Amino acid sequence: MSQENQQKKVIIVGAGWAGLGATYHLAKQGYDVTLLEAGKYPGGLVAGWQTSTGKSVEAGIHGFWYPYKNIFSLINELNINPFTNWTRSAQYSPAGLEVESPIFQQLPKLPTPLGTFIYTQFQRLPLIDRLSALPLLYSLIDFDNSDDAWQRYDFITARELFKTFGVSQRLYKEAFEPMLLVGLFAPGQQCSAAATLGMLYYFILAHQPDFDVVWCRGTVGEKIFRPWVEKITSLGGKVLAKHKVTDVIVDENNIIKSVVCEDQKFDCDAVIFAVGVTGMKKIVANSPTLQRHPQFRNLHNLGAIDVLATRLWFDRKIHIPRPSNACFGFDDATGWTFFDLNALHDEYQQQQETVVEADFYHANQFLHLDDQEVVKTVHGYLATCIPQFKQAKVVDSSVIRLGNAVTHFAPGSYRYMLRGNTVFKNLFMSGDWIINRHGSWSQEKAYVTGLEAANLAISYLQMGDFANIIPVEVDEVHIQFARNINQLGRNFSQSILPNFWLP
Ligand SMILES: Cc1cc2nc3c(=O)[nH]c(=O)nc-3n(C[C@H](O)[C@H](O)[C@H](O)COP(=O)(O)OP(=O)(O)OC[C@H]3O[C@@H](n4cnc5c(N)ncnc54)[C@H](O)[C@@H]3O)c2cc1C
């Protein structure tokens, strides 16, 4: 760590996975880093806190899937032990239990996607419906996460994609749409086909164990972010909560000199934005400097989705067969999940009451209901899945409304999303909605883009070591082979056909 490094100031805006990832790496390289966070606590969408009655709550339960290699590596580096073992999950509809997933890595490994199709235990969905997914495999081969593939698939909706490839109505309604509501937070007609293919491949189809998941044994805020922020602080990084960034100040060479935080100004050599789509739109709306550039004003074409996170404490112990459960068919365009916190969180393991988290995605119609109505609805839904909930009484509850909170990967949104580099040489972008080629999604993607932005800052400021980013596991051999053949065919047709048709 050189003296020169300590003189370079980097301001990071937003303390979610992306912002903390960038801050941590730059602090390790000896930069003078300040992380400005608008909220009361670090963590962003994963923040956790205590209610007035002293109960731990958070903005939804977060799973950590098998391919989250960079996050798992960070956890090792921090020398903490926040996670449960790999867990099994189930899926419910108003008709009852629909699907159970095994722990895929414990079963004999088959070439992808055979393991997913064969080992997933569908209770009701007929084989003929499941087989109707086969033609869709071509689009998984064709969509290789390249810029070209995103341009070709992003204008199509997921629903059109599934319809074009002959997916049955039942398979769409009972398998694909529930996955979209939980994975991309929106129903099929509102999801980009590119995002759909990228997300399904990453979480489910690239390798048999990909769908295996662990959870935190308490809130992520307590188990991961608290020790992580302590570590950042011990390295000299400053993490300032309740600091809302409103603008940037540039010099005559279009270099950002300061970040404005309401009535305070923070001078800097480089800036990393790590805020979500809605936060970024608010900053741009307030900043004539950013608005001058189409890439920033066009951000107003992007949208975000409402989410609702509820936690209910019941007066008795109820047996919930699996710790994590996804549900479909309760509302047309809303997906929801519920979690047995007695099984997942250390603090509830010995308790005689049942603690359940129920999170709703694309929850527009629930967001404006009062807490009592929300709790009544959640209780009713839980009782539909597991009848023993009918007799149980709710003794405490928490309802957290997250309006415009999560990224909407809408059809046609790709062209408005930003990349790590911007028109400002010393302003870099990160977050789960930033375009990169890593291939990960959600928390892992946010963290990876934070490291990528730190690397861009290091490259610009010419000091320190780059963060090591673990790539996603390579495609299996037969997938690589099919993708190569497909690319050859595509190159050949492009060489003889004019560039005339809509992509
Ligand atoms: C209910 C729910 C369930 C989810 N489940 C999962 C899951 O199981 N697994 C998974 O991997 N992912 C899950 N996700 C998605 C995951 O939370 C996000 O992908 C990830 O947290 C995004 O991190 P980020 O750093 O990009 O952004 P964020 O977490 O949104 O952080 C951005 C930060 O910027 C701050 N900010 C905004 N504006 C300003 C400003 N002007 N000045 C200063 N600070 C500002 C915000 O307060 C926030 O702290 C879930 C999300 C929700 C809401």
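How many residues surround the ligand, and which are the closest? There are 36 of them, and the closest are Gly-14, Gly-16, Gly-44, Gly-60 and Gly-279. Keep in mind that this is a predicted model.

**Around the ligand**
- α2 (17-28), α12 (277-286), β15 (304-314), β19 (394-407) and α17 are the elements that each give two or more residues to the shell.
- By type, the shell splits into 19 nonpolar, 13 polar and 4 charged residues.

**The nonpolar core**
- The largest nonpolar core has 153 residues, and Val-10, Val-259, Ile-272 and Ala-457 are among those with the most contacts inside it.
- Take Val-259: leaving aside neighbours within four places in sequence, its contacts include Ile-11, Val-13, Leu-36, Phe-266 and Cys-268.

**Helix α17**
- This helix covers residues 442-461, and its end C-alpha atoms sit 28 Å apart, which agrees with the 28 Å that 20 residues should span at 1.5 Å a residue.
- Since 17 of its 20 residues are buried, α17 is largely enclosed by the rest of the structure.
- Just after α17 comes Gln-462, with a positive phi of about 60 degrees.

**Helix α9**
- α9 (residues 169-183) has 12 of its 15 residues buried, so it's largely enclosed by the rest of the structure too.
- Among those buried residues are Leu-171, Tyr-172, Glu-174 and Glu-177.
- There's a kink of about 35 degrees at Phe-176, shortly before the proline Pro-178.
- Phe-185, which follows α9, has a positive phi near 65 degrees.

Methods. Residues are numbered from 1 along each chain as its sequence is written. This is a predicted model: local features need pLDDT of at least 70, side-chain atom pairs count only at pLDDT 80 or more; totals for chains, interfaces and linings use all residues. Helices (H or I, at least four residues) and strands (E, at least two) are DSSP runs, numbered from the N terminus. The expected span of a helix is 1.5 Å times one less than its number of residues. A residue is buried if 20 or more other C-beta atoms lie within 10 Å of its own, exposed if 12 or fewer, and partly exposed in between; C-beta atoms are placed from the backbone. A nonpolar core is a set of buried Ala, Val, Leu, Ile, Met, Phe, Trp, Tyr and Cys residues joined through C-beta atoms within 7 Å. Two residues are in contact if their C-beta atoms, placed from the backbone, lie within 7 Å. A residue is near a molecule or strand if its C-beta atom, placed from the backbone, lies within 6 Å of it. Ala, Val, Leu, Ile, Met, Phe, Trp, Tyr, Cys and Pro count as nonpolar, Asp, Glu, Lys and Arg as charged, and the others, Gly among them, as polar. The bend at a residue is the angle between axes fitted to the seven residues ending there and the seven starting there.
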